[in-house]
Every structure is written in structure tokens, then in C-alpha cells.
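Dear colleague,

Please find below the structure that I am handing over to you. My notes on it follow directly after it.

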Amino acid sequence: MKAFKLYTIICTALLLTSCSKDFLDRTPGVTLPEDAVFTDPVLASQYAISAYAYLVDDYVRFDDHRGTTSQASDEAVSGNLDRSVLYLNQGLFHDHSERVASLNDIVNVWDREYQGIAITNMMLSKMATVPWTSIQNPARIEGETRFLRAFFYFELIKRFGGVPLIDRVYGVNEDIDLPRASYNDCVKFIMADLEKAETQLPRAEDLPLAENGRATIGAAKALKARVLLYAASALNNESNDLSKWAQAAAAAKAVMDLGTYSLQPTYKDILNVTSSTEYIMMKVRSTRVNTDGKIIDFAQSPGSGGANGQMNPTQNHVDLYEMTNGKAIADPTSGYDQQRPYANRDPRLTWNVIYNDENYQSRRIEMWSQNNANGTVTYGKDYNANNIIYTATRYYCRKYWPEVYINRVAGATYLNFLFFRYAEVLLNYAEAQNEAVGPDASVYDAINQIRARGDVNMPPLPLGLTKDQMRERVRNERAVELAFEDHRWYDIMRWKKGPEIVAQPVYGMNVIKNANGSFTYSKVLLGSNYQKVFRDYMHRYPIPRTEIYKSKGKLVQNTGW
């Protein structure tokens, strides 16, 4: 933990040398001493805003742009077996050597969030000394700072459990080798910051367009709802204290009762619009062009100009989408046809996943192989079994590959990172309320709102579900609605379902093109490289060993690591 001493000192200098058009990075263009920053209200406010840069703010973030938590979970695999994803899949979470030190979700997040915490602590310590003028709003600045500190700590505890609580600026010679606080104490600390922040932040409807992306009362309430949902879940609530579920439900209901947010009428472009009634808080960034590595070198099919189409949804994920009659495909009365596997399915399948013969970019997607009479095998434009740059599962991720991105055609669109959207709040409420009191009418209403979205139009859930049955329906709805949005991996962890979900056999789809142009589909077990390991102790990440070593025995490692 000695590194925190350096963060307090050098992060200020590093941040104050950057400059960007993004409001989150509007920091002074020269290195300035601490006194110069905090005796100038403009520089002080810019310093406070710079802390936003330390939020986890992209889906595709492992090794810069080569991996996601979706590929760690059951949602997808990495067709090119990116090392960060590969080591997670193999259960090698620990930073035991340089080869896995780049696992952005462990070492990088630990460092990144504590750097953000250092900035927020510094800002809070200087609030009373800055000579604020009528132009600034110091109460709002404090509210944003507390919100960000709470968010940083939540990102840590959802991965590691209880962590050291650094709540002030430490001097250079002070001992900052602190023990871990309990998970519950961390939650109390986070909630105290959010309670204060709520009284200081603006309403979303009062936020100027130029300040889109900054924290609001709604964002603070949404974070509270998420924090309490995690605190009530099996990983952190071993006794299944129902009062914790009730608190989580009440927190989500508080967001709903604001009357500020509503579901966007269309699901198909949920990540691709400039603003939405559903967005509670998003990362503001410019449009992404076809050359963006997260698209052309990660998500896009080589048949459409991509370099590495390695974001490949699994058959495990595809099988979660119901038929349009609301029945699971495993139900023999559902009408599911293995040879027409994508017909009459929940429309969100089409908006999340690209599959064979789908009409996309004014052409048919070709993820087939064909056995020729002369013994040779030919492949469609979007698949080649002999080249790892093509899909390993016969699926690509539509959410990460917007339709405008076509080979040799200039294109740009938004691919937003959403910190919070209203559908998640409804799902949080439904889950927590069901656990607290059972599947009452409000649980049905929350889920059915999502299912009734304009371009989804799925039937309402059947009446008479038990608590256990509703739990499974809510979890399935989360998997479908929030697909590839950085939720599934952490949901599995908090439910303590890793061995049951992640460590199960991973499947893709085999597609054979017949001589008459029709296709034969068969579910196929993927190779051993794509199978995943998950043991019970992996529901929490290991504390980075560098921090364990530096703490001289004060930091206790998570069980199993």
C-alpha cells in the first residue's frame, strides 16, 4: 500500500499536465504546484472534474482493446484467445507473473480506482480552503467528488470484497499500510458518501447539455441501488438477511419514483444514440469511426473488413433467448426448430447477436462451411475454420459491431458506455423485491415493462410463478436485456454461480451449407481452449500480490488465492 503515498503526490502533477476537449479532461495545460491549484477556483474545479477519468468506462478494456468480461463469463469467447481472457478462462486470475499483470480487471482496476480515490480525498480536504466565487458551485463539486469516491470504492469491493478504506490525504511519511475493512464497513462508507452527495447534486432535468455525463441525483440513487443489490446477494449475504433485499428494492424504487427516466422505445440502438430517456449516466465520447481498434480489431467480421473478429457470443448465451411466445427453447411445446434456430425468437437476439444468414449490411452473413464433391471444403465470407481471426462460435456481437461499419466504407456512430440505464434499475428492483417478499404485482410490472419495449414486444411473464421460478426468470431477463454490457460476469459472481454457469461446457453452432443452398445446424462443443474453469473461491478476485507484499502482513489475501 506504500504506492498510495506516491498517488497522492504525483497523480496531481500527471493530471494537471493533460488537456482534452472532453469536459472530463479539462485540466490545466501546465504542471502547477498544489497551492496554485487550490487557490484558483477555476483550476480547483477542473481538478475535481478530472477524477471522472478514473471510472471504469469501457466494455472492451482488457489489454487496451482485446478483451471483455463477457468473454470471461458464459456470454462469449475470445476467438483469438487473447491472453487476458485466456488466463481468466483458465482460472489464472492472479498476477503471479508479468504475463498476467495486464489483466485490466484486477491489477489495473485496483491501481486505477485508488488513484481516483486519492484525487477525491485531496479535493475534499481542500474544499474549505478554495476561494470559491459565484461562478462555481462548491456544494455540487463536493457532491460529485463524494459520488465518484463512492463509485471507485464500489468498483473495488464488487471485485475484491472488503478493501482498505483510505478516507483522507496522508502525508509523505505517514504509514499507509492499512488492513482491509470489512465488506459491510465499505458499504456503509459508500452509502454515507452517496447520502451526502444526493443533497448536493443537480437533478438530471436541470443538467445543461454541455455537462452531459456528470453525476446527478438520479446517478447517485442508481449507484445506491446497485451497491445494495450486491450487498444483499449470496456472495455478501450468506445468511440471506431479507432486510438487505428490502433495502435494495427500496433504493431501486427511489429511482423509479423520481419520474425522470423511462425505457427507450427501441432496444436495437440502445448503445448508439446521443441521448435517451433511459440513460441515467453515460460516458460522453465522440463517435467511433470504422478504424477504432475496439471495432475493426476486435468485434467486426473479417468478411466486413475487420482484422480480428474475436468477440464471439456462445451458444450457451444464444440459448437463453426465449421464443416469441415467451417459452424457453428447451420447452417441447415452445415450437423451437433446431433447423430454423433463429426463427420466432426474442427480438433482442437479433439486436445483440449476428448469426448465419442474417440480413446485415445489405447482405447475408455467411458463417457456413460446405463439403464439396471433390473432397475440398469451402467457407462463407464470415467464417474460416483454418484462420483464428474468424469467429470460433459462428456468432459475432452486434452490440459491439454497429451496422454502419462496412469494409472500405467510411462510417462512424456512437458506441456508448452506460454507467446506469433505467432497464437495469427495473431489473434490480424486480430481483430484490422478489427475494424480499416474493413475486408480487410490482415484480411482474417491472419485468413486463422491459419485455413490452416497442421493438421487443415479448409477452408478459406467466402469472402464478413461485419465488424460485421468478428468480430464474429475472436472472434470464438480466442476461438477455443487459447482454455484453459488463454485468453478466459480476452477476454470476455475486450469485455465487460460477461453477454452475461459467464452468459448464461451452458450445457454438456448426453450420453446413447444403448443395441446394439450405443449411444444416448442429450445436457443437467448442475445443478445450475455449472451455472455462471456475471454482468457488473465484467469486472474489485475488488482491494483487504486489499490494500483499508491500503491506508487510497487514493485507490478508482472499480465501483460495
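What is the handedness of the crossing of helix 9 and helix 14? The crossing of these two helices is left-handed, a term used when the near helix is turned anticlockwise from the far one by less than a right angle, with right-handed used if it is turned clockwise. Helices (H or I, at least four residues) and strands (E, at least two) are DSSP runs, numbered from the N terminus.

Before the details, a word on the basis of these notes. This is a predicted model, in which local features need pLDDT of at least 70 and side-chain atom pairs count only at pLDDT 80 or more, while totals for chains, interfaces and linings use all residues. Residues are numbered from 1 along each chain as its sequence is written, and side-chain values use heavy atoms, with hydrogens and water left out.

The protein chain has a mean pLDDT of 92 (the predictor's confidence in each residue, from 0 to 100), and 93% of its residues reach 70 or more. Over residues 1-30, however, the pLDDT is below 50. This stretch has 77 contacts in the model beyond near neighbours in sequence, contact meaning heavy atoms within 4.5 Å. Where pLDDT is low, the predicted coordinates should not be read in detail.

Helix packing

Two packed helices are described by the angle between their axes and the distance between the axes. Axes here are lines fitted to C-alpha atoms, for helices over the stretch in contact, and angles run from 0 to 180 degrees between N-to-C directions.

Helix 9 and helix 14 pack at an angle of about 35 degrees, and their axes are 10 Å apart. Helix 9 contributes Ala 222, Arg 226 and Leu 229 to the contact, and helix 14 contributes Glu 424, Val 425, Asn 428, Glu 431 and Ala 432. These residues divide into 4 nonpolar, 1 polar and 3 charged. In this grouping Ala, Val, Leu, Ile, Met, Phe, Trp, Tyr, Cys and Pro count as nonpolar, Asp, Glu, Lys and Arg as charged, and the others, Gly among them, as polar.

Helix 14 (residues 422-437) also packs with helix 10 (residues 242-256), at an angle of about 150 degrees and with the axes 8 Å apart. Helix 10 and helix 14 are therefore roughly antiparallel; angles over 145 degrees count as such, under 35 as roughly parallel, 65 to 115 as roughly perpendicular and the rest as oblique. Helix 10 passes helix 14 in a left-handed crossing. The contact of helix 10 with helix 14 involves 14 nonpolar, 2 polar and 3 charged residues. Among them are Leu 242, Trp 245 and Met 256 in helix 10, and Tyr 422, Leu 426 and Tyr 429 in helix 14.

Helix 9 (residues 217-232) packs with helix 7 (residues 138-160) as well, at an angle of about 25 degrees and with the axes 11 Å apart. Helix 7 and helix 9 are therefore roughly parallel, and their crossing is left-handed. Phe 147, Ala 150, Phe 151, Phe 154 and Lys 158 of helix 7 make this contact with Ala 219, Ala 220, Leu 223, Arg 226, Val 227 and Tyr 230 of helix 9. The residues of this contact divide into 9 nonpolar, no polar and 2 charged.

Individual residues

Gly 309 lies in the loop between helix 11 (293-296) and strand 4 (311-313). With 0% relative accessibility, Gly 309 counts as buried (under 20% relative accessible area, with exposed over 50% and partly exposed in between, for a 1.4 Å probe and protein chains only). Its C-alpha atom is separated by 7.1 Å from that of Gly 79, 230 residues apart along the chain.

Cys 397, in strand 10 (residues 396-397), is likewise buried, with a relative accessible area of 0%. Not counting residues up to four places away in sequence, Cys 397 touches Met 311, Pro 313, Asn 352 and Phe 484.

Asn 240 is in the loop between helix 9 and helix 10 and is partly exposed, at 39%. Ser 362 is in the loop between strand 6 (359-360) and strand 7 (363-364) and counts as exposed, at 77% relative accessibility.

With kind regards
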